Structure formats: structure tokens, C-alpha cells
Amino acid sequence: MSRRGRRNRRPLMLMRPVPGPSPVHNLWAGTKLLVVLAVSILLTISPSWCAIGLTASLILLAALLGGISYTCIPSVPRSIGLIVVVGSVFTIVNGGAPNLALGSVTVGLGGFLDFLRVTALGLVLLGLGAVTTWTTQIADIAPAVAQLGRPLRLLRLPVDDWAVTIALSFRMFPMLAEEFRLLAAARRLQPPSPEKRSRRVELADLCTAAMVIALRRANEMGDAIAARGGAGRISAGSARPGWADALALVVVAAMFGLVLTG
Amino acid sequence: MCAGFGSVPRWSVRVRSAGLPSGGMQPAELAQAAMTAALMGAIGVASIVIPGAVVFAWLGAVPMGVLSFRHRLGVGLAAAVAAGLIGFLVAGFGGLISVLTCVYMGAIAGQVKRRGRGVATMLSVAAGWGILVAIFCVGVFTATTYLRRTVIAAISSNVGGFAVLVREIPIVGAAVGAFHRAVENWLIHWPLFFGIGVWLIVMFGTSFGWSVLTPVLRRIEEVTDLTIEGSLSAIDNSAPAGPLPVVLTDVSYRYPGADHDTLEPVSLRVDVGDHVAVTGANGSGKTTLMRILAGSRPTGGSVQRPGGVGLGQLAGTALVLQHAESQILGLRVADDVVWGLPHDRQIDVEALLDEVGLAGMADRDTAGLSGGELQRLAVASALARQPALLVADEVTTMVDQGGRQAVIKVLDGLTRHHRLGLVHITHYPEEAASADRVVRLGPNRDVDPAPAAPVAASQTLSGPTILEVNDVSFDYAQGTPWSRPALRNVSFTVTAGEGVLLCGGNGSGKSTLAWIMAGLQQPTTGECLLDGRPTSEQLGAVALCFQAARLQLLRGRAGAAVAALAGFSSTDTGAIERALASVRLGTEIADVLIDRLSGGQLRRVALAGLLARAPRLLILDEPLAGLDSAAQADLIDLLVRIRRQGQTMIVISHDVSNLSPLCPRTIELERGSLVSAVRKDQE
């Protein structure tokens with residue numbers, strides 16, 4: 001890869017919302033979680049072109065309303081493009097052969113269309129998650145999970161502990177990321193060892209270093225939690241679903257109807 | 001295979017549930033589960049969205065394995081739920097499946113080890129579990145007819161097309177043709193082949209998890225001390241709060257098996273309205289004293305208080321700890337203030353934030369705060385509990401100069417505005433000035449504040465230019481909506497043998513510039529040249545000593561870590577001893593575990609390894625952070641000697657006054673731009 005190309009690549013930004021507010025930002029985090037879950041299940045049950053198309057339009061609509069520009073999308077490495085091209089060539093060449101499990105499909109482009117559909121399905125599922133995380137404050141997710149999971153308490157499941165764990169793991173994310181960035185830099189700066197070290201030893205070295213860092217962080221955080229007398233509230237706000245959320249759910253329900261009856 | 005782990009793992013954590021609702025997760029369990037979830041979620045997501053990272057997907061089994069080895073199943077379940085949510089949110093079902101795969105691999109390996117069993121047990125558990133998973137997967141795939149047909153058709157036509165394309169090539173064509181027929185056959189009988197495939201993945205994956213976990217667990221046990229004894233999580237917090245007045249009589253602490261006291265006998269009384277400062281050098285037992293005030297049992301002497309410590313409870317004991325980042329638990333500033341409070345407690349968050357000088361910041365993300373802001377937020381969160389006793393433990397060690405004064409100002413006002421007793425533990429004597437009483441711990445080490453004679457500026461100015469920073473700018477996440485400038489048109493040169501101090505406040509771009517000079521990052525525009533060539537093409541020519549030197553010392557023992565940094569063979573004891581001697585460390589330190597070294601020793605060991613390669617340029621990032629005054633003076637003295645030998649050096653620090661003898665020239669960055677380039681030629 002040329003240095004020039006490397007300089008201009010857009011990095012992948014995860015769990016960082018784009019500046020708001022927007023109608024999509026303002027939706028309750030729980031609504032967005034439910035929509036992602038529902039649409040994912042729908043696509044698994046019925047990955048028809050209709051469902052994929054509707055989901056793609058839903059993503060575009062959310063992106064439009066949420067002020068997400070195409071610059072959010074990270075640069076796609078060439079290897080991915082290559083795989084798609086090779087796959088397309090293979091499946092188009094295969095066009096003549098009968099499709100065993102799918103006899104009804106038109107001979108010729110059948111295999112290619114199937115390949116295209118699986119690829120589109122993967123893209124749409126990734127896009128759905130991306131649009132959600134780009135418009136949702138991380139801080140709002142754990143409280144929403146706690147509220148959504150409330151019925152599970154009847155089954156004596158420790159939903160509140162789970163919500164606390166989720167919130168703390170989001171809190172830990174940037175800290176661990178920074179330490180691993182330094183760890184990776186330290187390894188890059190290190191000269192090659194004169195001894196021949198096996199892959200296995202290298203892997204164990206790296207895992208140990210990473211785990212020791214992470215365990216130390218977790219110990220410090222454990223002390224901090226103990227200093228607050230254990231878990232309790234995790235959020236100062238009290239976000240609740242509103243009319244916009246109901247509207248969003250109606251839209252998704254309509255989508256279900258179209259796909260499953262159509 | 002599991003020799004070395006007795007029937008009961010030595011550092012597995014036994015849970016006491018005193019004072020908390022039964023079954024609820026303990027502080028240490030929550031933190032460990034959250035850490036594991038963050039790691040597994042990150043690995044799971046990376047393996048889906050970063051092409052090529054699939055290879056590492058199973059490494060998520062390692063953190064899960066360590067967690068399962070140390071904790072009960074319920075803790076692993078919480079980690080699995082959190083990691084699954086992260087995986088699903090970011091990478092959909094693919095991410096979820098990737099995470100869940102690591103969960104069972106690690107959980108089986110870890111739990112089998114926790115119970116002291118060996119490979120045979122692991123394999124039989126995995127075999128049984130594999131059957132369940134295979135049945136489940138085949139069931140799901142059977143139910144989702146539409147998806148199955150599409151996927152099968154896509155696979156079939158890919159392989160078919162490949163076969164058609166290579167048909168004419170002599171041997172390959174025949175081989176691929178046979179493969180094609182085999183695949184077609186598998187696809188017809190998919191339930192059988194899919195089921196067996198899933199079962200094999202479970203067996204293979206769990207064995208992989210086991211084989212990586214075994215050396216990692218042994219090494220972790222060797223390298224670190226992770227027993228929960230003595231940590232705050234082990235404190236019995238069940239009695240009703242009544243921490244003041246507390247009377248310590250000849251209290252001392254000695255770790256089991258140690259030959260001397262970590263904390264030598266000390267007597268102390270704290271009542272409401274008292275402001276007591278505790279000072280002492282590193283290693284004098286300051287943090288141990290904090291833990292005893294917070295409720296840990298001393299090994300000698302007696303502690304008397306009217307009730308329980310009431311850690312984190314209303315009118316109990318509140319702590320502000322040394323590690324600014326790790327003690328902030330909320331994702332937003334306001335979340336942190338209320339974190340852990342009972343759900344029905346009403347708090348005036350704005351007023352508390354106002355008192356510590358963070359007014360109007362309630363909705364800010366805590367991840368973007370500076371060290372000083374984090375510590376002031378920690379004070380606000382402590383005050384939200386209206387504590388009777390507030391203990392601040394070395395709260396300014398990781399904070400820059402400006403931030404330090406703001407934190408001290410907040411602390412000094414506390415006893416006037418609240419009904420509480422304040423114990424402020426610090427290794428900076430000047431911070432103890434406003435206390436009513438000062439308690440000194442440990443031997444009275446007199447510190448000479450100006451030990452080293454300055455390096456003459458004139459002796460170094462004539463050398464050739466070795467580093468050229470030409471009009472360097474850098475943007476984070478360039479081209480995305482998150483883009484943020486870090487450096488703007490920075491230009492300067494460094495000549496051979498020169499010492500330069502690079503200073504600037506939080507977020508001024510110092511660290512980014514250091515990474516660019518070390519070649520770890522390329523400037524967005526402009527260039528950074530070492531001897532006329534871009535630094536990014538000659539990684540390692542510039543030595544960079546991190547603020548967190550611990551992250552550079554990747555082996556278990558100091559000698560091996562030096563060898564790894566210097567590129568020596570770890571058996572070359574002569575070279576290692578010479579390297580250690582160059583930073584005035586004795587040979588005996590080579591066998592000491594890295595985790596047993598003090599902050600000053602850590603920096604010296606890292607320096608020993610870096611200097612052994614005779615770098616063209618040495619960059620030190622905040623070398624004095626976290627050291628007490630004596631260790632700071634020692635290190636500056638050492639660095640001055642190294643400079644005198646002609647080593648070119650750039651020191652990044654906010655501690656201008658202490659470092660000026662070392663670096664005659666100062667460069668200041670402010671919000672990514674060069675402010676001044678002062679050369680103290682006339683000294």
C-alpha cells in the first residue's frame with residue numbers, strides 16, 4: 001500500500017455519535033435497540049429483495065434525518081472489493097449450471113443474484129448497527145437496557161447487574177483502547193529479538209501483557225466501585241420513550257407487514 | 001497439564017456477600033465482568049468489521065477464560081450479556097455470534113481450570129456442549145428456510161463458477177472439479193455436514209482457548225499479585241456508618257510473608273472539621289494507611305471508630321483515589337456524580353459541580369475530561385454522599401500543574417463548607433501547607449530540590465541538525481465528521497547533542513507530536529525528517545520512553561525486559577548488566593519482577609533498554625509524572641549525566657521548573673501551534 005493512500009484513508013469510528021441533535025438522535029435508545037433487533041430478525045427469517053430494499057431505505061432515511069454524511073463510512077480496503085469482484089465473476093461464470101437447491105430461479109444470473117443478495121444482506125445488517133451507534137449517545141444505552149429488561153426480573157434474572165456491567169464496559173472501552181494503542185506502539189518500536197521465538201510464545205506474551213494491563217485497570221475500577229459502596233444508579237437522566245418513538249415503531253411494524261404478506 | 005494450579009486456584013476470588021443483597025454482584029466482580037466484556041466486545045467487533053482480523057476472533061476466549069477461572073458463573077454470564085450487546089449493536093448478528101463463540105470457549109476452559117481438572121474433562125465438556133450447539137444451529141438453519149436456500153445457492157454457484165473457470169487447467173481443474181462435486185454433495189446433505197462442522201469448531205475452538213489460556217494464566221500468576229486481600233473490595237461494609245471520630249493507635253501493616261512493615265506504626269486521630277495531611281515518600285505506606293482509614297484491618301495496633309466505615313454511604317467514608325481515570329464510573333459528568341447512589345436519592349448535581357468548578361458540564365462525556373477535571377469530578381461524586389470522612393489519596397500525582405492547583409483549592413475549602421473530616425495523603429510537602437496537622441510517614445528523607453548542575457547550553461549548539469520538523473499538521477480522523485486538528489504548521493529543528501523541553505497543557509498536541517517524531521504516526525501535511533529521511537521510514541531510530549513505562553516492559557522480569565527493548569538475547573547477561581549499570585541500577589534488579597519495581601525504577605529500566613541501542617534521539621514523555629520529590633531529583637540527575645555524554649534529548653513535560661537544568665531550550669505548544677521557541681543562550 002502506498003504511503004499516499006494510507007495517509008488519506010478514513011478511519012473506522014465506532015461508538016462515537018455524530019454531532020446532534022436530530023430526530024434520530026432524539027429517539028429513545030431503547031427504541032433504536034428494539035428496531036435493530038426486530039429488523040435483524042426479519043431479515044433472518046425472510047431475506048427477500050423486498051426486505052433488503054426496505055431496510056436499505058430505512059437506513060437511508062435515518063441517515064438523512066440524523067445528519068450522517070457519507071464521510072462517516074470508513075475507507076473500504078481493496079481486499080474487500082477484490083473478494084466481491086472475484087465472487088461476482090465466479091457466480092456469473094457458473095450461471096449456466098442448474099442451481100440444485102433453488103430450481104425455480106432463472107438459469108443464467110441465478111447464482112450471481114444469490115451472491116449479490118448475501119452480500120447486500122451483510123451490508124444492510126452492518127449499516128443498521130452503524131446508523132444506530134452513530135446517532136446514539138453511549139451513555140443512554142445501559143439505562144435503556146435496564147428498562148427494556150425489566151420484565152426479565154420476573155424470571156429472577158439480574159437485569160440491573162447486567163445494565164451496570166454494560167455501562168461500565170462502555171466506560172472502560174476508551175481506556176483500554178488507549179492502553180492497547182500504546183502497547184501496539186511499544187511493540188512496533190521494539191527491535192527484532194535475536195532469539196527465534198515461536199508464534200505460540202509470541203501469542204502468549206502478547207495476551208499476557210494485554211491481560212495484565214486490563215486486570216490492573218479492572219482492579220482499580222473495582223476499588224472505585226467499592227469506594228462508592230457498590231452499584232446503584234448509573235444515570236442521572238431519566239429518558240423515556242415519546243411520540244416519536246411510537247411513530248418509529250409504527251414505521252417498522254408497517255415494514256414487517258409489507259415483507260411478510262407481500 | 002494443569003500442574004501448578006492446586007485443586008483450589010490461589011487467586012480465584014471467593015465471594016463474601018456481607019451487607020449487600022444476596023446474589024448481587026460485588027464491586028470487584030462488576031469491574032472484572034465489565035473489563036472482560038469490553039475486551040470480548042472489541043475483539044468480536046474487530047473480527048467482523050476489520051478484514052483479516054478474523055484470525056484473532058478466538059482470542060476473545062482468553063479474557064473470558066481468565067474471568068471464568070477467577071469468578072463464579074454468574075459473573076461470566078453478566079460479561080457475556082454485555083459483550084453480546086456490544087457485538088450485536090456494532091456488527092449485528094455476526095458480532096453477536098462471534099462474541100458468544102468466545103464466551104463458551106473461555107467459559108469451558110476457565111471453569112474446568114477453576115475446578116482443578118485437566119484436558120480430559122475439558123474435552124468431554126466441549127464434546128457434550130458441541131452436540132448441543134450443533135443441534136441448535138441445525139435447528140435454526142432448518143427453520144430459516146429462505147435464508148438457508150439463499151446462502152446454499154450462493155456457496156454453490158461460487159464453487160461452481162470457480163470449477164468452470166479452471167476446468168481447462170490440467171491438474172488443478174480436476175482437483176477443483178472433484179472439490180466442486182464434494183461441495184454439491186455436502187450441500188444436499190447439509191444438516192449432517194453443517195452439524196459436524198459446528199461440532200468440530202466447538203471442539204477445536206475450546207481446545208485452542210485451553211491451549212492459550214494455560215500459559216497465559218501461569219504467566220499472569222507469576223507476574224502479578226491479583227489477590228483481592230487488601231483491596232477495597234474486601235472491606236466489610238455492613239455496619240451502619242459512623243466513621244468519625246476515628247482513633248488509630250500504633251497502627252501498622254505487614255503483608256503476609258514480608259520481612260518488614262509496609263506501614264510502620266502510626267497514631268492518628270481525625271474528627272469532624274479536621275484537615276489532616278499525611279506526607280511521605282513512595283513506599284512509606286501512604287496508600288496502605290488510606291485503606292486502613294477506609295476499613296481494611298491493620299496487622300498491628302488498633303483502630304477505633306463509633307460505627308462502621310460506611311464506605312460510599314450517606315454520612316460514611318468517601319474516597320478520592322490516585323487513578324483519575326479508573327475511578328470515574330459514569331459516562332457523563334452528571335452520571336458519575338449519582339453513580340451508585342440509591343435510586344430514590346435526590347441530588348443537586350449542578351450545585352455540586354459548581355462547588356468543584358465544573359459548572360455547566362453535567363452533560364459532557366467523562367472520556368474527554370483532563371486529569372484535573374476528572375479529580376475534581378471525583379470530589380463532587382464523593383460529596384454527593386455527604387460523607388463524614390473524606391480521604392484523598394495522592395490525587396494530584398497524575399495531574400498537570402494548573403490542574404493540580406485547582407484540585408488543591410477545592411480540597412482546601414472542604415472543611416469550611418461541609419461537616420466532614422478530611423485526610424489528604426500526598427507526597428508533595430507543599431500541598432500539606434493548609435492542613436491543620438501534618439503526619440509524616442517513613443524515614444525523613446531530605447530532598448535537595450536542585451541537585452544537578454545545569455548542562456551548559458553553549459556546548460551543544462554547534463552540532464549538525466538531526467531532526468527537522470517542517471510545517472507539520474495533523475488531523476485526527478481526517479475526512480470524517482469527527483475530524484479534529486491536533487497540530488497546526490509546527491516547524492523546528494533539533495541539532496545533535498541538544499536538549500529540548502517540549503511543554504504545553506492538556507490537549508496541546510504534545511503527545512501527537514511525540515508520536516510523529518518517533519515515526520509512529522505520519523503527519524497529515526508537512527514532514528518530519530531524521531537525518532534527512534522521514535521518521536516513519538526508520539521506526540526505532542528515535543527512542544520513545546512512554547509516560548506509562550510499564551507498557552514498554554513486556555516481559556516478566558527486568559533483565560528480560562531490557563533485553564527485549566535493546567534487542568539483546570535474554571541470555572546475554574553481560575550486555576544486560578552493562579545496560580542496567582548505565583542507568584545506575586545494580587545487577588540484582590535483573591531478576592526482579594517488573595510489577596515489583598517502583599515508578600522510578602520502571603523508568604530507569606525502560607531507559608536502560610532504550611539507551612543500549614544508542615538512539616539518534618531520545619524522547620521522554622512526562623518522565624517525572626507520579627514520582628515523589630526524591631525519585632524526581634534522582635532521575636533528573638541521571639538524565640543530566642546522560643545528556644553530558646552527548647545524547648540528544650527531547651523531554652515532554654508540563655514540569656518546566658524542575659527540568660530546565662536538563663533542557664536549555666524550551667518549545668511551547670498551545671492548541672496544536674508553536675507559541676514560542678526560547679533559547680536560553682545567555683545562561
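Predicted model: local features only at pLDDT ≥ 70, side-chain atom pairs only at ≥ 80, totals over all residues.

User: How many of the 29 residues of helix 9 of chain A are buried?
Analyst: Start with the geometry: 29 residues at 1.5 Å a residue should span 42 Å, and the end C-alpha atoms of helix 9 of chain A agree, at 42 Å apart. The helix is largely enclosed by the rest of the structure, because the number of buried residues is 21.

User: Which helix of chain A gives the largest share of the side that touches chain B?
Analyst: The contact takes 105 residues from chain A and 113 residues from chain B. On the side of chain A, the elements giving two or more residues are helix 3 (29-45), helix 5 (78-93), helix 6 (110-135), helix 7 (138-148), helix 8 (159-189) and helix 9 (199-227). The largest share is 22 residues, and it comes from helix 8 of chain A.

User: And by class, how many residues on that side of chain A are nonpolar?
Analyst: The side of chain A that touches chain B has 25 polar and 16 charged residues. The nonpolar count there is 64.

User: What is the ipTM of the model?
Analyst: There are two scores for the model as a whole. The pTM is 0.88. The ipTM is 0.89.

User: Where in chain A is confidence lowest, by element?
Analyst: Chain A has a mean pLDDT of 83, with 90% of its residues at 70 or more. Its highest mean, 92, belongs to helix 4 (residues 49-65) of chain A. Over residues 1-6 of chain A the pLDDT is below 50, and that stretch has one contact beyond near neighbours in sequence. The lowest mean, 44, is that of helix 1 (residues 3-7) of chain A.

User: Which element of chain B has the highest confidence?
Analyst: Chain B averages a pLDDT of 85, and 91% of the residues score at least 70. Strand 18 (residues 673-679) of chain B is lowest, at a mean of 67. Residues 1-10 of chain B fall below 50, with 13 contacts beyond near neighbours in sequence. At the top, with a mean of 94, is helix 4 (residues 119-143) of chain B.

User: Which strands stand at the edges of the open sheet in chain B?
Analyst: The order of the four strands in chain B is 10-9-12-13, with antiparallel pairing. An edge strand has a single partner strand, so one side is left without a neighbour in the sheet.

User: How many bridges join strand 9 of chain B to strand 10 of chain B?
Analyst: Strand 9 (residues 465-476) and strand 10 (residues 484-495) of chain B run antiparallel. One pair between them is Leu467(B) with Val494(B). The number of bridges is eight.

User: What stands opposite Ser473(B) in strand 12 of chain B?
Analyst: Strand 9 of chain B also pairs with strand 12 (residues 525-530) of chain B, antiparallel and over five bridges. Asn470(B) has Glu527(B) as its bridge partner in strand 12 of chain B. For Ser473(B), the residue opposite is Thr525(B).

User: Within what arc do the buried residues of helix 17 of chain B fall?
Analyst: Helix 17 (residues 629-644) of chain B reaches 23 Å from its first C-alpha to its last, close to the expected 22 Å. Its buried residues include Ala631(B), Leu635(B), Leu638(B) and Leu639(B), and the buried set packs against strand 11 (499-503), helix 16 (599-611), strand 16 (649-652) and helix 18 (656-659) of chain B. Seen down the axis of helix 17 of chain B, the buried residues line one face, because they fall within an arc of 165 degrees.

User: Is Met203(B) buried, partly exposed or exposed?
Analyst: Met203(B) lies in helix 7 (residues 190-223) of chain B. Beyond residues up to four places away in sequence, Met203(B) touches Ala126(B), Ala127(B) and Gly130(B). A buried residue needs 20 or more C-beta neighbours within 10 Å. Met203(B) has 15 inside 10 Å, so it counts as partly exposed.

Terms used. Residues numbered from 1 in each chain as written. Chains lettered and ligands numbered in written order. Contact = placed C-beta atoms within 7 Å. Nonpolar A, V, L, I, M, F, W, Y, C, P; charged D, E, K, R; others polar. Pairing = 2+ DSSP bridges. pLDDT = per-residue confidence, 0-100. Expected span 1.5 Å × (residues − 1). Buried ≥ 20, exposed ≤ 12 C-beta atoms within 10 Å, placed from the backbone. Arc of directions from axis to C-beta.
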